[in-house]
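Hi,

Here is the structure I promised to pass on. Have a look at it first, and my notes on what turned up follow below.

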Amino acid sequence: MTPKLLRFMALLFFLLLPHVAPADWKQEWEKTLQAAKKEGQVTVYVYRYEAAFEGFRAEYPDIKVNAVSATGSQLGLRIMAERRGGKYLADLFSSGANTNFNVLYKAKALEPIKPLLLLPEVVDESRWFGGRHRYIDPEAQYIFAYIGNSSGSGQLSYNVKLTDPKEFQSFWDLVHPKWKGKIVSLEPVNTGLGASMQFFYYNPELGPEWIKRFFGTMEITFSREFRQMTDWLSQGRFALCMGCKDVDRARQQGLPVASLDDVPWKEGRSFSSGGGTLSFLNRAPHPNAARVFVNWYLSRKGQTALQDMEDPLGSEFRNSLRIDIPKDKVPEARRLADGVKYLDVTRPEFSETAPIFKLAKEITKRD
């Protein structure tokens, strides 16, 4: 039997395996672990969170982690290009929901990840926010959301010398004529505004009309550079910014900028995956090692490592959906709280971004 056939049979076994009974999981885990050690490696295409993998390397030195890092869109294009060339190199993909759903899921490049969950602490849904696992695909099988960031502002920040946050109670306040020409924003087409755009588009109190008013009538200056926008905001060239991702770090450095996350927006808050969704590629070359990695990464240890890691971009958008780990390093504005009005943009019905980007292109006349 060839190694390729053995890998295929192992993968088929996992997909046909029902949820393992508590009495059987240890034996199944040991079999998987031994098979993973024989495979010797796992390849994870990952956006941003590679630093969290060091804990896995320390705990499982016999399984090498090959981490390929880039933006989610770059990695999605790379995977599809490799597959067109007959190369199936990636086992797992960790990145934003948009690439996972709109590129890999729609291209039928994924196998269900749910059958890979084995450790009781991972399978136990009571340890996760809302008492359930969150998947962003309609079947609730393929794309596991492990981060849940609360965001009240849609990535909005302001210059503290030019803006009084008390002026805002509703997102409709942002389209007041006084702010015309005083806003800088990431381009709303194919940029990191994805989850915010979903919140605005699918929110019944905002919708396409708000997007048209904000991006189409407020004479916004667009940029693709986070740092450039934050610099402009701190210099007073603009009063408001949408998409200044490093504003918390800038504020710590003494610059006159702050986030609008504390505003009690009438339309509620968004709840997004913040680059934290995980999927399992079909024809994965190391299915057993992938299973070990998935269970470690979604375990208490793995998600604690994720929240505690140093982020090279300085972002703190890492609130794990596990509720049994400390949240003291997660800014309060990013945590999820019971009883708060959220629009959960990780839900499958809000995953479709094509109409949003089509609208944004029409409004801004940008590709």
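Let me start with Arg48, which counts as buried because its relative accessibility is 18%; buried means under 20% relative accessible area, exposed over 50%, and partly exposed in between, with a 1.4 Å probe and protein chains only. Before going on, please note that this is a predicted model, in which local features need pLDDT of at least 70 and side-chain atom pairs count only at pLDDT 80 or more, while totals for chains, interfaces and linings use all residues. Residues are numbered from 1 along each chain as its sequence is written, and side-chain values use heavy atoms, with hydrogens and water left out.

Arg48 sits in the loop between strand E1 (41-46) and helix H3 (54-59); helices (H or I, at least four residues) and strands (E, at least two) are DSSP runs, numbered from the N terminus. Most residues other than glycine have a negative phi. Arg48, though not a glycine, has a positive phi of about 85°. Ala140 is also not a glycine and has a positive phi, of about 55°. You will find Ala140 in the loop between strand E5 (134-135) and strand E6 (143-145), where it is partly exposed at a relative accessible area of 30%.

**The cores**

Which residues have the most contacts inside the largest nonpolar core? They are Val42, Ile63, Leu92, Tyr146 and Tyr297, in a core of 59 residues. A nonpolar core here is a set of buried Ala, Val, Leu, Ile, Met, Phe, Trp, Tyr and Cys residues joined through side-chain atoms within 4.5 Å. Helix H11 gives this core its largest share, 7 residues. A second, separate core has 48 residues, among them Val184, Tyr201, Phe222 and Val257.

Beyond residues up to four places away in sequence, Val42 touches a list that includes Ile63, Leu92, His286, Ala289 and Phe293; contact means heavy atoms within 4.5 Å.

**Helix H12**

In H12 (residues 300-308), the buried residues are Gly302, Gln303, Leu306 and Gln307. They cover an arc of only 135° around the axis, so they are on the same side of H12; the arc is that of the directions from the helix axis to the C-beta atoms. Part of what covers these buried residues is helix H11 (287-297).

**Two loop residues**

Cys244, in the loop between E11 and H10, is buried, with a relative accessible area of 6%. Leaving aside neighbours within four places in sequence, Cys244 is in contact with Gln155, Ser157, Met229, Thr230 and Leu233.

Gly236 lies in the loop between helix H9 (226-235) and strand E11 (240-242) and counts as partly exposed, at 31% relative accessibility. Not counting residues up to four places away in sequence, Gly236 touches Asn159 and Leu162. The C-alpha atoms of Gly236 and Asn159 are separated by 6.6 Å, although the two are 77 residues apart along the chain.

**A pocket to look at**

The second largest pocket has a volume of about 310 Å³. A pocket is an open set of points on a 1 Å grid over the protein atoms alone, where a 1.4 Å probe fits, with protein on both sides within 12 Å along at least five of seven lines; lining residues have an atom within 4 Å of a point. Grid points are joined across faces, edges and corners, and the volume is the space filled by probe spheres set on the points. Of the 16 lining residues, the closest to the centre of this pocket are Asp248, Arg251, Ser259, Asp261 and Asp262. Helix H10 (247-252) and strand E12 (257-259) are the elements that give two or more residues to the lining.

Best wishes
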